[in-house]
Amino acid sequence: MRPLQRLLLFAVVACGVAVGSGRSSQEDAAADKFYKVVDGKADARTYNGYRRYHAGCNHCHGPDGVGSTFASSLVNRPLDIETFRRIVRDGQSTSGSSAMKGFANDPNFAPYIDDIYAYLQARADGALGRGRPKRVEP
């Protein structure tokens with residue numbers, strides 16, 4: 001087999017493997033997302049996260065997670081889910097000058113940490129804009 005034929009054969013096999021893998025790159029990217037936004041409308045979890053965020057987090061972290069003079073943006077440099085959960089549950093102190101209390105015992109936030117994360121992740125990814133999102137109807 002000549003080198004050009006080998007190259008073509010390799011290209012065809014590689015394309016067949018990539019096409020036949022069963023998951024698209026969009027599906028792979030969506031697999032690690034906590035939110036689902038369809039036609040600009042948020043799923044129930046993400047919408048609940050919006051509500052919970054604006055009930056308590058926005059006072060320090062600003063409307064829509066953009067940050068304020070009190071606390072950093074949660075959409076410009078999003079945290080991974082485990083770090084986010086730990087900080088929301090246990091709180092955090094930075095350089096001794098500011099502190100965020102933990103919400104592990106707060107029934108208005110502790111059960112909804114992943115919902116809040118879903119909302120902030122959708123904001124960080126640009127899937128949701130600023131303001132109250134519309135909801136996907138059940």
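Colleague: Which residues form one aromatic cluster?
Modeller: Bear in mind that this is a predicted model, where local features need pLDDT of at least 70, side-chain atom pairs count only at pLDDT 80 or more, and totals for chains, interfaces and linings use all residues. Residues are numbered from 1 along each chain as its sequence is written, and side-chain values use heavy atoms, with hydrogens and water left out. Rings of Phe, Tyr and Trp (its six-membered ring) pair if their centres lie within 6.5 Å; planes under 30 degrees apart are stacked, over 60 edge-to-face, and the rest tilted. One cluster is made up of Tyr47, Tyr50, Tyr53 and Tyr119.

Colleague: How many aromatic pairs does the structure hold?
Modeller: A pair of rings is described by the distance of the centres and the angle of the planes. Going by that pairing, the count for the structure is six.

Colleague: Are the rings of Tyr47 and Tyr50 stacked, edge-to-face or tilted?
Modeller: Tyr47 and Tyr50 are three residues apart in helix 3 (residues 44-61), so about one helical turn separates them; helices here are DSSP runs of H or I with at least four residues, strands are E runs of at least two, and both are numbered from the N terminus. Their ring centres are 6.1 Å apart with the planes at 35°, so the pair is tilted.

Colleague: Is Tyr50 buried or exposed?
Modeller: Buried means under 20% relative accessible area, exposed over 50%, and partly exposed in between (1.4 Å probe, protein chains only). Tyr50 has a relative accessible area of 10%, so it's buried.

Colleague: Which parts does the pair of Tyr50 and Tyr119 tie together?
Modeller: Tyr50 and Tyr119 pair edge-to-face, 5.5 Å centre to centre with 75° between the planes. Tyr50 lies in helix 3 and Tyr119 in helix 5 (residues 113-125), so the pair ties together parts 69 residues apart in sequence: helix 3 and helix 5.

Colleague: Which residue has its ring under the charged end of Arg52?
Modeller: A charge sits over a ring if NZ of Lys or CZ of Arg is within 6 Å of the ring centre and within 35 degrees of the ring normal. Arg135 lies over the face of Tyr47, at 4.7 Å from the ring centre. For Arg52, the charged end is 3.7 Å from the ring centre of Tyr112.

Colleague: Which element gives the largest share of the lining of the largest pocket?
Modeller: By class, that lining has 15 nonpolar, seven polar and two charged residues (Ala, Val, Leu, Ile, Met, Phe, Trp, Tyr, Cys and Pro count as nonpolar, Asp, Glu, Lys and Arg as charged, the others, Gly among them, as polar). A pocket, on a 1 Å grid over the protein atoms alone, is an open set of points where a 1.4 Å probe fits, with protein on both sides within 12 Å along at least five of seven lines, and lining residues have an atom within 4 Å of a point. The largest share, four residues, comes from helix 3.
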